[in-house]
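Hi,

Here is the structure I promised to pass on. Have a look at it first, and then read my notes below.

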Amino acid sequence: MESKVFRPRLNLNHVTFQGNNNHAQSHSFGQVFLHKKTGVSSSRRSVVAAEAAAMAEETIAKTGNSALSHFWREVQGSNNWENLVEPLHPLLRKEIIRYGEFVAACYKAFDLDPTSKRYLHCKYGKSRMLNEVGMEDCGYTVTKYIYATPDINIPMQNEASRGHWIGYVAVSSDESFVKRLGRRDLLIAFRGTVTNHEWVTNLMSSLTPARLDPNNPDPDVKVESGFLSLYTSDETKSKFGLASCREQLLSEVSRLLNKHKVEDLSITLAGHSMGSALALLLAYDIAELGLNKTDHETVPITAFSFGGPRVGNPSFKQRCEELGVKVMRIVNVNDPITKLPGMFLNENFRVLGGRYELPWISCSCYAHVGVELVMDFFNVQNPSCVHDLETYISLLKCPTKTLHTRKEGFDNLLNRARELIFSARSLKSICL
């Protein structure tokens, strides 16, 4: 049965951004200021901030437990976040922010200096990376760095290998923090697109069978070929012998699950942009292979996606739901990356006019997976802000938000198409 999807909107139309515009080498981590102006149309406002806060407190009362240790399974999506997103539950908000900051750490630690010996790798060793990016009290220990190899041959300065640092695996290690979480958390965080190799990979917009489980190679389950290539390509034929991103991840996840198999566990994946696609592919892969099944439980798998694109077709979406993969998608309605691939051929076109089923849709178009939390912010002077991770996080931290339910269909998509195409072109020109 298809999971119920909640799609509230955090309306931030009157937000001004001021920050670093140097996107040639990194994302802009802008500061956020809320105007004191009034005059937002009542049709755009469903709940004022005070009412939203009161409703959130009422939700906590209904759950019976406000402590994360007693409530972590629900926050991780065990019930598809029912009654937790409209209004947005305070504990869920905090967890979304916390995992977003783990992803932001990837950008802060990624070395983009062409003259550096660590160019396109992490600036720091595993033991001190989180400390160096200001997360010394996060309660996690990094256990492995992850490298991805784009299957694209573009010569670049100082590159002996095409493998780039894409993220890291960490585990909650501080025992007091583990107690507060209510379980030991295995975390995998992925950054988004930065290099030219990765941009070219992102443009490989065609569906191909995933075939990640050799015992169940269902040809109808298809994913975007560029993301799959980034996930599965390796350099084993070169002198560096770099295994694929997939092999690195499955090996480390298996090791950690075996090490902590007698404990209550969770597997959490978090990513931004392209990193969200890798997070979802890994979540699906772990579940499809059954690696999350221990002697006494099935370890829950949750992905927090920030500004993520579509990854697969409706059959992929259905299979993720059957496997129990939980996905929370945090998106800005003005972010063009969240509309791609499949801006026009997507899950909204399964039925036209409520009458005609299109049988070829499940194999030939893209579909988002999971529950969607919608934000709304834009700045015409800095169009790239619509996709900036730090802007996402900063606005989630802001206490004054209004919540809206959004239904995106054919008319809404066409009305936004011209604006989104313009934004996508602007974003690409800045990032490249």
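Going through the whole structure, the search turns up four cavities of 30 Å³ or more. Keep in mind that this is a predicted model. The largest cavity holds about 100 Å³ of space. It is lined by 14 residues, and L280, S305, P309, V327 and R329 are the ones closest to its centre. Helix α9 (274-289) and the strands β10 (301-306) and β11 (326-332) each put at least two residues into that lining.

Next, the packing. The largest nonpolar core has 56 residues, and the members that touch the most others are L92, M129, Y140, Y168, M328 and I330. Which helix gives the most to this core? That is α3 (residues 90-109), with twelve residues. There is another core apart from this one, made of 45 residues, including F227, L256, L257 and I267.

Beyond its neighbours within four places in sequence, A105 is in contact with M129, V133, M135 and Y168. A105 and L130 are 25 residues apart in sequence, yet their C-alpha atoms are 7.2 Å apart in space.

Is β6 (residues 184-190) enclosed or open to the outside? Seven of its seven residues are buried, so β6 is largely enclosed by the rest of the structure. Both of its faces are covered: R184, L186, I188 and F190 are buried on one side, and D185, L187 and A189 on the other. β6 pairs with β5 (residues 164-172) in the antiparallel sense, over five bridges, and V169 stands opposite I188 there. With β9 (residues 265-272), β6 pairs in the parallel sense over seven bridges, with D185 opposite S266.

Setting aside neighbours within four places in sequence, the contacts of R246 are L212, Y231, T232, D285 and L289.

Finally, some backbone details:

- E86 and P87 are joined by a cis peptide bond, with omega about 5°; P87 is in the loop between α2 (68-75) and α3.
- L340 to P341 is a cis peptide bond as well, with omega near -15°. P341 is in the loop between β11 and β12 (351-352).
- N80 is not a glycine but has a positive phi, near 55°. N80 lies in the loop between α2 and α3 and counts as buried, at 18% relative accessibility.
- S273, another residue other than glycine, has a positive phi near 60°. S273 is in the loop between β9 and α9 and is buried, with a relative accessible area of 8%.

Cheers

Technical notes
Residues are numbered from 1 along each chain as its sequence is written. This is a predicted model: local features need pLDDT of at least 70, side-chain atom pairs count only at pLDDT 80 or more; totals for chains, interfaces and linings use all residues. Side-chain values use heavy atoms; hydrogens and water are left out. Contact means heavy atoms within 4.5 Å. A nonpolar core is a set of buried Ala, Val, Leu, Ile, Met, Phe, Trp, Tyr and Cys residues joined through side-chain atoms within 4.5 Å. Buried means under 20% relative accessible area, exposed over 50%, partly exposed in between (1.4 Å probe, protein chains only). Helices (H or I, at least four residues) and strands (E, at least two) are DSSP runs, numbered from the N terminus. On a 1 Å grid over the protein atoms alone, a cavity is a set of points where a 1.4 Å probe fits but cannot get out, and a pocket is an open set with protein on both sides within 12 Å along at least five of seven lines; lining residues have an atom within 4 Å of a point. Grid points are joined across faces, edges and corners, and a volume is the space filled by probe spheres set on the points. Two strands pair if DSSP finds at least two bridges between them.
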